[in-house]
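Visitor: Could you walk me through this model? I'd like to jump around a bit.

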Amino acid sequence: MRKRTSMLSLIIVLCVALFPGTLLAAVTVSPVTGSIHPGSPINITGTSDLSQVIIKVYRPDHSILYFNVAKVESGVYNDTITLGANEAVGTYQIQVGQGEQISTTSVEVTAALIVAAPTASPASGVVASGTSVTLSSATEGAAIYYTVDGSNPTRNSLLYNAPIVVSSAVTIKAIAVHAGMVDSGIMSASYTIRGITAAPTASPAAGAVASGTSVTLSSLTQGAAIYYTIDGSNPTRSSTLYSAPIIISSAQTIKAIAVHEGMADSGIMSASYSITSSSNSNASNSGAGQSGPAASSETDISGSTGGVAERNRVKVQFPSNVISGNMKVKIEQVTDTAGLLKNPQTIIVGDVYSITKDKPGDFDKSVTITMFVDVTKLDISKYSYAIHWFNEATGEWVILDNPKINPTTGEISGDVNHFTKFAVLATEKEAPAKTVLKDIKGHWAEKKIQQLVDLGAITGYPDGSFLPNKTITRAEFVQVLIKAFALEQQGDQLFLDTKGHWAAKQISTAVANGIVTGYDADHFGPNDPITREQIALMIMRAAELAPETDLSALTDKDKISPWAQGSVAALVKAGIITGYSDGSFRPLNSATRAEAVTMITNSLEQ
């Protein structure tokens, strides 16, 4: 019995020696199953009495993903692997140990949850200055990081916590992030600032006028509609649409706004009028040389406060302190104009008027005379138009100072310091010497280029070349457009990047005519290559076309910026553009000199 007990004790001792109880504990894996996705790190740890352990990780298809020999220090081993982003989802087996001393565990790798990308409201496009843009993500609890400098956002970028105020052209880029999820893709939203419609102006200006005076309203923004009130209330788009001069027969205040599609409404213009005493007279004018006068009107004008005298299509504006004392001004149509014109290259447009006053001498300040002519009689490509005064002593017509013309409305004006006969004269322009360009022969746009060169709207280079395939800048295009449409220089709008620029005056004129607004209040980008869709918008405004909607003829209509779609459609409808041979318009392409010339020439032929 003692012998049997001794043998049993020896077996137990041998077993303890060969198989110690702390050989290898269970494997611990973090993060826990359900939080492991392709691309995630996996930490493998445990305890062992061995000096080192072999770690193997098997994919769901039982192929080996990972093999390593890890040291055991102070009874603990630790290792970390990172799953590839393209690894499969499923059950992964992890084995740790040596020989037959193996511990096994498994982990589930699941598909990653991706945070919903941010959205911006309002969406990309043209907005009013001061618009607030809000960002949001459909993933509840997600944080949003954004940039406004064009760089791609990271978790170190600005944290979104309040609406972003857009006051100039900007691109907002943003990502959404959430603990335990994959960061969203990058959202990008670009904004440009909507131009403001130029406020209406009234002519004559506010003040004392004769009963029956016609007040015309206009806006420097071409194509703008004007809404007005005469009851003292502020006008809206629901007010009366201005379509004809407003007759002043009693004291009243005209308030008006100008509106234009794609632009912010103008501020309110207010002009108050009172009635001056006036008398009608059929007496013949006592001015020398007058023959056959028609019915005339006589208006009392204060020399100290000034005023307006108006009859038919003639208006005389008197500044304050124009003459000492008061005077009566008479405007009469001259019916017998025989012998008034000697120059065969000059013609009288419309009627001749004799303007007189009952006080002798010249004015202390210049007065402005405005005449309105039928626009259908204007041919600005062949003639120059201006108001002239008749010199009774020499029999010659003399052009007024500061001549101005608006070929769209037929309004022509100039300044003078005395009265006599006045008329609008058209003087035939001298035909310029034909320019021969050496590199347009056989070019697809040869005819269009030569046509605009002959018009004087564009020139070639000093070496006789035109470089039709060279890109054209925004400043260069504006200059050609202003010349082609014969727009008089006006306005004083300067952007930060046009001060001192060679085309500053032309750009200012384009702004004053509502053709361009710039990228924002401070930047025009005069030296940037102009894109085809930018050209479309400028031409639509210059040609006073209405925006359209049908872009079905273009195969890449989805690539046209929202702000340019109406103008591109308008030019397509008018036949100004037809697109490329494949039916595309390529709106973001930089336009060549030939393409720019062709579109302008086509618009002039409408």
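Visitor: What kind of model is it, and how are residues numbered?
Guide: It's a predicted model, where local features need pLDDT of at least 70, side-chain atom pairs count only at pLDDT 80 or more, and totals for chains, interfaces and linings use all residues. Residues are numbered from 1 along each chain as its sequence is written, and side-chain values use heavy atoms, with hydrogens and water left out.

Visitor: How much space lies in the largest pocket?
Guide: About 1300 Å³. A pocket here is an open set of points on a 1 Å grid over the protein atoms alone, where a 1.4 Å probe fits, with protein on both sides within 12 Å along at least five of seven lines. The volume is the space filled by probe spheres set on the points, which are joined across faces, edges and corners.

Visitor: How does the lining divide by class?
Guide: Into 16 nonpolar, 19 polar and five charged residues. Ala, Val, Leu, Ile, Met, Phe, Trp, Tyr, Cys and Pro count as nonpolar, Asp, Glu, Lys and Arg as charged, and the others, Gly among them, as polar.

Visitor: What about the second largest pocket, which helices line it?
Guide: H2 (446–455), H3 (474–484) and H7 (593–604) each supply at least two lining residues. That pocket has a volume of about 820 Å³, and its lining has 14 nonpolar, six polar and seven charged residues.

Visitor: Switching to H5: how many of its residues are buried?
Guide: Eleven of its eleven residues, 532–542. Buried means under 20% relative accessible area, exposed over 50% and partly exposed in between, with a 1.4 Å probe and protein chains only. The cover over H5 includes H3, H6 (562–574) and H7.

Visitor: Which residues touch the most other members in the largest nonpolar core?
Guide: Ile449, Phe477, Leu481, Ile515 and Ile539, in a core of 51 residues. Such a core is a set of buried Ala, Val, Leu, Ile, Met, Phe, Trp, Tyr and Cys residues joined through side-chain atoms within 4.5 Å. A second, separate core of 31 residues includes Val349 and Ile412.

Visitor: Last one: in what order do the strands of the five-stranded sheet run?
Guide: E17-E23-E22-E19-E20, in an open sheet with mixed pairing. Two strands pair if DSSP finds at least two bridges between them. E19 and E20 pair in the antiparallel sense over two bridges, and tyrosine 228 has threonine 240 in E20 as its bridge partner.

Key:
1 Å grid on protein atoms, 1.4 Å probe; cavity = no way out; pocket = protein on both sides within 12 Å on 5 of 7 lines; lining within 4 Å. Helix = DSSP H or I, 4+ residues; strand = E, 2+ residues; numbered from the N terminus. Contact = heavy atoms within 4.5 Å.
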